[in-house]
Structure formats: C-alpha cells, structure tokens
Amino acid sequence: MAASLLLNRVSRSVSLHRVGPALVFSSLDSQIHGGRLSGTLFRERSLATLAEGGASRFDEMVSANQRKYYLLGGKGGVGKTSCAASLAVKFASHGHPTIVVSTDPAHSLSDSFSQDLSGGVLKPVQGVDSPLLALEITPERMKEEIKSQAGGDKSVKNMMDSMGLGMFAGELGDLNLEDMLNAASPGIDEIAAISKVLQFVESPEYSRFTRIVFDTAPTGHTLRLLSLPDFYDSSISKITKLKKKITAAASAFTSVFGKKKEIQEPGPSNELDQLKERMEKVRNVFRGVDTTEFVIVTIPTVMAINESSRLHASLRKENVPVQRLIVNQLLPDSQSDCKFCSVRRKEQTRVLGLIQKDTELSGLKLIQSPLLDAEIRGVPALKFMGDLIWK
C-alpha cells in the first residue's frame with residue numbers, strides 16, 4: 001500500500017510529454033467513472049522504451065478474414081481479463097461483431113465491463129457501437145442444461161436394456177445421470193467451455209460474429225481445456241470399441257440361450273460418433289493456424305516469465321498457434337529520486353532482457369503494456385487501454 005501511494009505521488013509530479021520516439025509519460029485529465037469522464041486525473045505509466053518495443057500489429061488482426069478466435073491466457077493475476085476485454089472492445093469498435101467469453105471459474109468479466117454479465121448466457125455490452133456480446137460460462141447452469149436436454153429416465157440400467165444387456169445391469173440401475181453430474185468433476189469448467197465453443201462453431205445464430213475472444217482461466221485450467229478434445233477423442237474411440245465387443249458378446253450369449261431379441265450393431269451415426277466429430281471440430285478450432293491465435297499475457301517478474309515460457313512450450317506441443325506476448329504492468333522512467341521505483345524499473349528491464357534470451361518467448365511479437373494508476377472498469381476505460389496495447 002505504501003509503495004502504491006508513493007508511486008501515485010511520483011507520477012502526479014510529471015506532466016504529459018514525449019522525448020524523441022520514446023514515450024515517457026502521458027496523462028488523460030479525466031477519471032473514467034460510470035461510462036463518463038470526470039475531472040479526476042487518470043494517468044498512464046509506461047517504460048520510456050515502450051514506443052520502441054514491438055507493436056501488436058492490430059491492423060493485421062482486424063483485417064484478417066479467416067482468423068476468428070483469440071484466446072488470452074497466462075499466470076493468474078497478470079491482467080488477462082482486462083487485455084481480453086479491451087481487445088473485444090477494439091474489434092467491435094472497428095466494425096467486427098464480437099463475442100467475449102470468460103472460461104475462468106473466478107469470473108471478473110463483469111467487473112471489467114462494470115456490468116452484470118453473470119448467469120451463463122450471452123448479454124449485450126452497453127456503450128459499444130458495433131454488436132458486442134459477453135458471456136461468463138457457469139458450470140452449474142451447464143449441468144442443468146445437460147439434464148434438461150437429456151430428459152426422461154436416463155438410468156444406466158435403461159441404457160444397458162437398450163443394448164440387450166439389462167440382465168447384467170445389477171445394482172448399476174441405481175446410478176443415474178443426475179447423480180453423475182452432481183458428483184465432483186474437476187474438468188466441468190473446461191467441458192462447459194468446450195460446449196460453448198461447439199455452439200459458436202456449429203450454430204448459424206453466431207455466424208455473423210466475426211471475432212470471438214476467450215478470457216481463459218490460469219495456466220493449468222487452460223492447458224486442460226486445450227487438451228480435452230484429444231482426451232475425449234481417445235476415450236470415445238476406446239468406448240466405441242468396447243461397445244462393439246460387448247454387443248458381439250451379448251449377441252453370442254443370447255444365441256446360445258435361444259434369445260430372440262436382436263442386438264443392433266452401433267451405426268456410424270450413433271451418439272458417440274457424433275460426439276467424436278464435435279470434439280474434432282473443437283480441436284480444429286484450437287489448432288487452426290488461419291482461424292485461431294493464442295496470446296500469452298504476463299508481467300515483468302522472473303516467476304511470471306518462467307511460467308509463460310512453460311506455457312508456450314505446452315501450447316507448441318498441443319499445436320496451438322501463438323504469435324504475441326503481452327508484458328503488462330511496466331513502470332516508466334522518471335526523474336524523481338524514488339529509490340523503490342528505480343529498483344523496480346531496473347529489475348523489469350532485466351526481465352525484459354530475459355525474454356529476448358528465452359528460446360520459447362524470443363520469437364514472439366513483444367507487446368509492452370503500461371501500468372495504469374487507475375482501475376480499468378467500463379467500456380471507456382477499456383477503449384483507452386485498448387488504444388495503448390492494440391496498435
């Protein structure tokens with residue numbers, strides 16, 4: 001807290017100016033509040049080398065016809081939500097009907113837009129000219145949707161009866177879909193996210209949206225999300241083979257005992273094959289070089305950079321395309337005698353040097369994002385932030 005107050009005091013002594021190509025400080029003599037600009041000072045803090053750092057090349061991002069999906073992810077607490085929300089606002093402001101989705105169980109999208117986006121349904125974001133819809137995925141609502149879509153009695157016993165194996169069900173008949181859904185499931189958030197990806201891919205309702213931005217959960221959740229399609233593809237293949245073996249065994253059993261009931265062979269249009277096909281579509285979305293880009297967001301600390309390096313290695317292993325790295329919360333140069341600020345700036349400069357030496361990160365387009373001394377909440381603030389980052 002004391003350090004934060006000190007930084008505020010230092011920044012307030014400096015006015016807006018540029019030295020050559022280097023951006024030293026800039027200020028916006030207004031505080032964003034409730035969608036309006038009030039008279040309180042709202043400053044940008046950035047490194048003097050910010051303008052010399054690699055630009056995000058937003059012109060490429062906005063003009064690309066095929067690239068529709070942007071996933072922003074990284075370590076917790078680095079500003080992923082603000083970066084994702086500002087990108088969505090920037091796309092919408094440039095004429096792209098856009099959807100922004102939070103797959104993070106600890107949602108902060110509502111806070112970022114200063115608008116209630118809870119409830120697990122798409123809601124229009126106020127204050128943007130072009131269509132911009134936002135969604136916070138809610139696992140609880142997703143489970144209710146599955147149960148409502150299932151309908152009727154979906155007990156395991158009835159499922160086995162449909163395969164002619166009711167005689168072997170035994171106590172499994174007491175296990176039903178609702179019990180399975182209510183059981184602890186560590187991947188339920190990722191499953192919910194995948195179901196929404198499928199919805200966006202397949203539904204004509206969303207075909208008019210040309211940009212979909214995902215505010216992903218911290219690194220571990222995100223990697224599970226990206227690897228789930230492969231996991232389900234493998235699992236479904238195994239289940240399909242097992243089902244065929246059980247069907248053949250049941251057919252032989254009924255033939256020996258003179259049973260008349262025929263066991264139908266699973267056809268190519270059964271539910272498992274359909275699910276496998278849907279998972280394939282999700283995998284193609286995540287790995288499509290022409291349709292998708294994952295943007296890593298980090299902060300200038302050694303721990304965050306190391307995690308970002310590991311994240312990029314994992315994304316590369318999953319064949320997920322990555323082009324950009326945002327380094328957020330960079331401090332500016334200053335002529336004050338603030339020792340704390342000077343030490344932090346030197347450390348951040350050293351960390352930026354580590355990025356250039358890192359084999360995983362050095363090849364990415366580096367976007368340097370300034371530390372701001374006001375909270376980024378609401379569309380006007382996100383527009384301001386977007387103009388700083390996405391240029």
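Trainee: Leaving aside neighbours within four places in sequence, which residues is Ser102 in contact with?
Mentor: Ser102 is in contact with His107, Leu109, Leu135, Glu136, Ile137 and Asp215. Contact means heavy atoms within 4.5 Å. Before we go on, this is a predicted model, where local features need pLDDT of at least 70, side-chain atom pairs count only at pLDDT 80 or more, and totals for chains, interfaces and linings use all residues. Residues are numbered from 1 along each chain as its sequence is written, and side-chain values use heavy atoms, with hydrogens and water left out.

Trainee: OK. Where is Ser102 found, and is Ser102 buried or exposed?
Mentor: Ser102 is in strand 7, residues 98–102. Helices (H or I, at least four residues) and strands (E, at least two) are DSSP runs, numbered from the N terminus. Ser102 is buried, with a relative accessible area of 0%. Buried means under 20% relative accessible area, exposed over 50%, and partly exposed in between, using a 1.4 Å probe and protein chains only.

Trainee: Switching to helix 3. How many residues does helix 3 have, and how far does helix 3 reach?
Mentor: Helix 3 has 14 residues and reaches 20 Å from first C-alpha to last, close to the 20 Å expected at 1.5 Å a residue. The expected span is 1.5 Å times one less than the number of residues.

Trainee: And how many of the residues of helix 3 are buried?
Mentor: 13 of the 14 are buried, so helix 3 is largely enclosed by the rest of the structure. Following helix 3 is Gly95, with a positive phi near 90°.

Trainee: At what angle do the axes of helix 3 and helix 13 cross?
Mentor: The axes of helix 3 and helix 13 (residues 379–389) cross at roughly 90° and come within 8 Å. Axes here are lines fitted to C-alpha atoms, for helices over the stretch in contact, and angles run from 0 to 180 degrees between N-to-C directions. The two helices are therefore roughly perpendicular to each other. For the angle classes, under 35 degrees counts as roughly parallel, over 145 as roughly antiparallel, 65 to 115 as roughly perpendicular and the rest as oblique.

Trainee: Which residues make that contact between helix 3 and helix 13?
Mentor: From helix 3 you have Ser82, Cys83, Ala85, Ser86, Val89, Lys90 and Ser93. Helix 13 brings Val379, Leu382, Lys383, Met385, Gly386, Asp387 and Ile389. The residues of this contact divide into seven nonpolar, four polar and three charged. Ala, Val, Leu, Ile, Met, Phe, Trp, Tyr, Cys and Pro count as nonpolar, Asp, Glu, Lys and Arg as charged, and the others, Gly among them, as polar.

Trainee: New topic, salt bridges. How many does the count come to?
Mentor: The count comes to 11 salt bridges. The rule is a side-chain nitrogen of Lys or Arg within 4 Å of a carboxyl oxygen of Asp or Glu.

Trainee: What does Lys75 form a salt bridge with?
Mentor: Lys75 pairs with Glu307, the closest N and O atoms being 3.8 Å apart. The pair links distant parts of the chain, 232 residues apart: Lys75 sits in the loop between strand 6 (69–73) and helix 3 (80–93), and Glu307 in helix 11 (residues 302–317). Lys75 is partly exposed at 25%, whereas Glu307 counts as buried at 18%.

Trainee: And which side chain does Lys281 meet in a salt bridge?
Mentor: Lys281 meets Glu202, at 3.7 Å from N to O. Lys281 lies in helix 10 (residues 271–287) and Glu202 in helix 8 (residues 188–202), so the pair ties together parts that are 79 residues apart in sequence. Both are partly exposed, Lys281 at 33% and Glu202 at 32%.

Trainee: Last thing, backbone angles. What phi does Ser114 have?
Mentor: Ser114 has a positive phi of about 55° although it is not a glycine. Most residues other than glycine have a negative phi. Ser114 is in the loop between helix 4 (109–113) and strand 8 (123–124). Gln329, in strand 12 (residues 322–330), also has a positive phi, about 65°.
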